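Student: Hey, I've got a model open here and could use a guided walk through it. Can we chat it over?

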Amino acid sequence: NRVSADKVFPIAQYFNQLQTLMAVFFPRAVTTASEAAVSIKRLEQFLCLEENLPVKTQESVLTGQAVGMREVTASWDKEATSNVLRDINMTIESGKFCGLSGPVGSGKSSLIQLILGELRPLHGDLMVNGTVSYASQEPWLFVRSVRNNILFGQPYEEQRYKDVVRACCLLKDFAQLPQGDKTLVGEQGTSLSGGQRTRINLARAVYRKADIYLFDDPLSAVNSHVARSIFEECFMDYLHGKTRILVTHQVQYLKDVDYVIMLNNGAMVPEDISK
């Protein structure tokens, strides 16, 4: 039972490896397994959702209309007692700028999802002419460079890229970032401010070539000066001639659009304004 070096050192090495296994790798494996279980449940819920039928699309040159709805009623849950949208009648001509406003929970985002095809109408006619680009209310970024987040698989065109960056007021931000637009974005854009995430998310939608652009309240996450610049340089100038639908609570911008649609409790307000 004598303790000698040829016994102590192998035993110490063994316990060091055991400690690393139980104190580092085993907790990491438990954490990874729990995260995987949550992800699998989310995938199961997604795969069990009802399939969405594609929205009817036509060539806008035939009708001159970008979006048309007639007596459209929609609900996220078919068994719900009330519908999120009720008897919507609207026509937006190609190349026009439409402002969509109303109280919180009035159905503005649901109307955008209806145009995207994510929300299916229970009855009524829906027509969408042309391709659609969408900027969501909650910005989504992935772990790549800022430029990759803007391009999002689209081919890089230098002049168009510069014009979009300027229109979305990102030039000053690129000058402040350590590597400009090649700076790596953290998970969900944690290394960026809320306004920067919103404008990168907006630039991604604007950079994509489309016939119809949908913007779900992008001006609420930036200050008034930046909001005014985005509205004038991006929505009014850069996207001039494109069909634009802007959801906003800032009614001071509605006087400059072609159409104003007001929603309240899922229905269009009769006193809607149109030019």
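**Around Ser133 and beyond**

Student: Let me start with Ser133: leaving aside neighbours within four places in sequence, which residues is Ser133 in contact with?
Tutor: Setting those neighbours aside, Ser133 is in contact with Ala205, Arg208, Ala210, Ile212, Tyr213 and Leu214. Keep in mind that this is a predicted model.

Student: And which strand does Ser133 lie in?
Tutor: Ser133 is in strand β6, which covers residues 132–135.

Student: Buried or exposed, that Ser133?
Tutor: Ser133 counts as buried because its relative accessibility is 3%, and the cut-off for buried is under 20%.

Student: OK, on to the hydrophobic side. How many residues does the largest nonpolar core have?
Tutor: That core has 40 residues, and Ile150, Phe215 and Phe235 are those with the most contacts inside it. At least two residues of this core come from each of α4 (146–151), α5 (158–167), α7 (194–207), β7 (212–216) and α8 (224–238). Another core, of 25 residues, lies apart from it, and includes Ala74, Met90, Ile115 and Leu214.

Student: Back to Phe215. What is Phe215 in contact with, leaving aside neighbours within four places in sequence?
Tutor: Phe215 is in contact with Ala135, Leu202, Val206, Phe235, Leu239, Arg244, Ile245, Leu246 and Val247, once those neighbours are left out.

Student: Let's look at α3. How many of its residues are buried?
Tutor: Seven of the nine residues in helix α3 (residues 108–116) are buried, so the helix is mostly covered. The buried ones are Lys108, Ser110, Leu111, Ile112, Gln113, Leu114 and Ile115.

Student: What follows α3?
Tutor: Gly117 does, and its phi is positive, near 95 degrees. Glu118 lies in the loop between α3 and β5 (121–129). Glu118 counts as partly exposed, at 45% relative accessibility. Glu118 and Glu51 are 67 residues apart in sequence, with 9.8 Å between their C-alpha atoms.

Student: Switching to charges: how many salt bridges does the structure hold?
Tutor: There are ten salt bridges in the structure. One of them joins the side chains of Glu157 and Arg160, at 3.2 Å from N to O.

Student: Which residues are linked in a network of salt bridges?
Tutor: That network links Arg228, Glu232, Lys255 and Asp256.

Student: Last topic, the overall layout. What does the domain assignment give?
Tutor: The assignment gives domain 1 (1–49) and domain 2 (65–269). The C-alpha centres of domain 1 and domain 2 lie 45 Å apart.

Student: And which residues form the nonpolar patch on the surface?
Tutor: Ile11, Tyr14, Phe15, Leu18, Leu21, Met22, Val24, Phe25, Phe26 and Val30 form that patch, and together they have about 960 Å² of accessible area. Leu21 is found in helix α1 (residues 5–47), and Leu21 counts as partly exposed because its relative accessibility is 45%.

Notes
Residues numbered from 1 in each chain as written. Predicted model: local features only at pLDDT ≥ 70, side-chain atom pairs only at ≥ 80, totals over all residues. Heavy atoms only, no water. Patch = residues over 30% accessible without salt bridge, like charges linked within 9 Å, V, L, I, M, F, W, Y side chains within 5 Å. Areas by Shrake-Rupley, 256 points an atom, 1.4 Å probe, with all protein chains shown as cover. Salt bridge = Lys/Arg side-chain N within 4 Å of Asp/Glu carboxyl O. Helix = DSSP H or I, 4+ residues; strand = E, 2+ residues; numbered from the N terminus. Buried < 20%, exposed > 50% of the residue type's maximum accessible area, 1.4 Å probe, protein only. Core = buried A, V, L, I, M, F, W, Y, C linked by side-chain atoms within 4.5 Å. Contact = heavy atoms within 4.5 Å. Domains from an automatic or database assignment.
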